[in-house]
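Please keep the model open alongside the text.

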2 protein chains.
Amino acid sequence: MSGEKLSNKRIIFKDYVSGYPREEDMLVVSSDIELKVPAGSSAVLLKNLYLSCDPYMRGKMSKPVGKSYTEPFTPGSIITGYGVGKVVDSGHPNFQAGDLVWGVTGWEEYSVIQAPESLIKIKYTDVPLSYYTGILGMPGLTAYAGFHEICSPKKGETVYVSAASGAVGQLVGQFAKLMGCYVVGSAGSQEKVDLLKSKFGYDNAFNYKEEQDLNAALKRYFPDGIDIYFENVGGAMLDAVLLNMRVYGRIAACGMISQYNLAEKEGVRNLFSVVVKRIRIQGFIEPDYKHSYPQFLELAIQYIREGKLVYVEDVAESLEKAPSALIGLFSGRNVGKQVVLVARE
Amino acid sequence: MSGEKLSNKRIIFKDYVSGYPREEDMLVVSSDIELKVPAGSSAVLLKNLYLSCDPYMRGKMSKPVGKSYTEPFTPGSIITGYGVGKVVDSGHPNFQAGDLVWGVTGWEEYSVIQAPESLIKIKYTDVPLSYYTGILGMPGLTAYAGFHEICSPKKGETVYVSAASGAVGQLVGQFAKLMGCYVVGSAGSQEKVDLLKSKFGYDNAFNYKEEQDLNAALKRYFPDGIDIYFENVGGAMLDAVLLNMRVYGRIAACGMISQYNLAEKEGVRNLFSVVVKRIRIQGFIEPDYKHSYPQFLELAIQYIREGKLVYVEDVAESLEKAPSALIGLFSGRNVGKQVVLVARE
């Protein structure tokens with residue numbers, strides 16, 4: 001009944017964090033694991049290949065106050081998040097050894113997934129498997145649902161994307177161009193700005209850190225105003241955007257990464273623009289759009305094959321580097337989607 | 001060709017205002033008027049009966065910065081706003097002497113309306129004519145469109161209304177009760193709180209000025225959270241509401257009266273709730289819903305006749321009192337819809 005025993009490296013969440021998370025808030029430990037699921041169990045044993053670093057994970061590191069859409073991490077327990085893995089053993093009829101899957105897994109070399117129904121079998125392998133943590137995974141569906149379903153874009157409209165070179169932003173800009181929109185993005189370095197223009201086809205881009213006055217910067221790129229704002233950062237940026245929205249503008253509120261590590265959040269003062277300009281602000285999260293995934297996947301894989309959709313990843317080359325990769329998100333150190341390579345298939 | 005000449009008392013807007021407007025920002029003057037429209041003109045001459053004091057008028061008193069949905073008042077010219085009048089003379093084929101109308105008119109005894117197409121002929125006169133400045137006028141349509149079209153209410157949902165005894169708020173609460181919702185309102189005096197409960201059928205009500213902690217107050221009245229917030233005040237109240245919204249909550253942003261007279265607006269810090277709880281905030285203004293007026297009117301007049309919809313007005317008894325009545329809105333001095341009686345029919 002017993003299988004091979006192996007050492008399993010794991011990333012443990014030490015304790016709740018306030019302010020910016022540090023590498024020391026996570027621990028690398030090792031324990032033994034048997035490469036079989038227990039007899040009679042319907043679990044799946046995964047060999048993790050890629051792990052995803054995503055901004056929403058910051059919320060899970062805070063001491064919970066009230067309910068959230070996501071459970072907090074448990075101090076002393078493993079970090080969890082989206083990843084790509086290969087089934088090593090399965091007690092579940094839907095999965096068998098050798099299957100490639102993506103979904104929520106543990107930050108470790110091997111994970112026992114007790115409720116594998118949430119895992120999605122990978123259908124197309126003519127693209128990098130890491131894409132299922134990004135363009136073909138949660139961030140991809142986020143960009144697709146947020147832009148197409150929340151923003152109701154029309155050809156010729158003006159679109160502004162913040163954190164535009166990130167896992168979601170780079171896709172929103174490309175979707176907007178495919179729709180025939182004018183699209184401008186902001187990011188936090190010249191390298192990212194260059195990427196937006198040269199790689200993702202943004203009509204223009206700017207480095208928000210070099211702007212004294214965000215309102216003036218937006219007026220420069222949008223002299224006639226913004227129809228659609230894809231909101232990834234919040235705070236002062238949102239305040240400046242509100243002054244530049246057009247009548248009947250739409251804001252898809254996907255994230256507010258500038259605020260996640262602040263004890264006292266920035267105040268947004270220009271909300272009366274929402275009334276005057278009849279703006280719609282709609283918050284959304286990707287889990288509400290799982291039903292759209294199959295349709296999104298077919299569209300995205302086609303675009304990728306045709307070269308109409310490209311994707312840039314920032315790959316940390318080992319599990320030990322995962323804590324550093326995760327915290328790098330909050331200073332914008334990553335260029336493109338932050339992924340951790342745990343093992344090659 | 002010339003008609004009777006009469007003295008015409010008028011309220012003049014002196015100059016742009018910053019901070020709270022004062023009576024001294026308006027002047028009562030008198031000039032002569034001929035009670036006929038010029039030959040060949042398509043204007044209408046109105047005898048003004050009731051004038052409406054509405055919060056949006058504060059925006060027209062500020063020095064314009066950028067475009068707004070409403071033109072500013074012109075220093076040295078007359079104040080304009082919604083009112084009810086009787087046609088004295090008409091050069092327009094759609095109107096004739098004796099017609100009762102409502103729409104935008106001047107703050108004066110007699111007004112020449114150069115583009116009378118915007119006036120609406122009053123269909124039902126078995127209710128007080130002043131109702132066409134309120135329950136059957138702009139505030140009525142605002143409440144109806146804002147609640148039914150923006151909020152998509154469902155039976156059993158929880159509804160919170162700020163400035164709940166005002167021209168719009170008293171109606172939103174009654175519409176919510178007619179829909180089978182649980183509804184709580186806030187206002188700024190015990191008298192208004194009593195009115196909400198005894199007259200308008202609110203399930204509960206509180207005086208926001210007596211609450212140290214608006215978040216705690218809302219938790220008391222909405223232990224399971226708020227599905228729909230009808231936003232009339234903005235600022236700190238909106239911030240507290242965001243903490244108490246339920247998942248998929250809707251906020252109809254109708255006005256933000258607490259902010260209109262502040263040079264530095266209050267900052268709203270809890271907007272990340274919009275993402276987490278997938279909240280929709282939709283700004284709107286009544287002119288976008290003029291097409292719904294006929295349908296609204298039929299519904300409202302029926303409800304009024306059946307006693308299902310009631311309305312409370314605060315009537316200033318002469319044109320000279322109009323400036324004081326208008327500025328009273330911003331300290332909440334009015335109890336119910338603020339109207340100015342200029343002349344009885």
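**Helix packing and the chain interface**

In chain B of this predicted model, helix H1 (residues 138–151) and helix H7 (residues 293–305) pack at an angle of about 95°, with 10 Å between their axes. Helices here are DSSP runs of H or I with at least four residues, strands are runs of E with at least two, and both are numbered from the N terminus. Axes are lines fitted to C-alpha atoms, for helices over the stretch in contact, and angles run from 0 to 180 degrees between N-to-C directions. H1(B) and H7(B) are therefore roughly perpendicular to each other (65 to 115 degrees; under 35 is roughly parallel, over 145 roughly antiparallel, and the rest oblique). Gly140(B), Leu141(B) and Tyr144(B) of H1(B) meet Tyr293(B), Gln295(B), Phe296(B) and Leu299(B) of H7(B), where contact means heavy atoms within 4.5 Å. By class, five of these residues are nonpolar, two polar and none charged. Ala, Val, Leu, Ile, Met, Phe, Trp, Tyr, Cys and Pro count as nonpolar, Asp, Glu, Lys and Arg as charged, and the others, Gly among them, as polar.

In chain A, the axes of helix H4 (residues 214–221) and helix H5 (residues 235–244) come within 9 Å and cross at roughly 45°, which means that H4(A) is oblique to H5(A). On the H4(A) side the contact is made by Leu214(A), Asn215(A), Leu218(A) and Lys219(A), and on the H5(A) side by Ala236(A), Met237(A), Ala240(A), Val241(A), Leu243(A) and Asn244(A). This contact has seven nonpolar, two polar and one charged residues.

The two chains also meet, each giving 29 residues to the contact. How much area do chain A and chain B bury between them? The value is about 2500 Å², 62% of it on carbon and sulfur atoms (accessible area, 1.4 Å probe, lost on putting the two parts together and summed over both). Arg269(A), Val275(A) and Arg278(A) supply 24% of what chain A buries against chain B, more than any other three residues.

Four salt bridges cross this interface (a side-chain nitrogen of Lys or Arg within 4 Å of a carboxyl oxygen of Asp or Glu). Glu264(A) pairs with Arg269(B) at 3.8 Å, N to O. Arg269(A) pairs with Glu264(B) at 3.9 Å, N to O. Arg269(A) and Glu264(B) each lie in the loop between strand E12 (245–253) and helix H6 (272–276) of their own chain, so the pair joins two chains.

Residues are numbered from 1 along each chain as its sequence is written, and chains are lettered from A and ligands numbered from 1 in the order in which they are written. Local features need pLDDT of at least 70 and side-chain atom pairs 80 or more, while totals for chains, interfaces and linings use all residues, and side-chain values use heavy atoms, without hydrogens and water.
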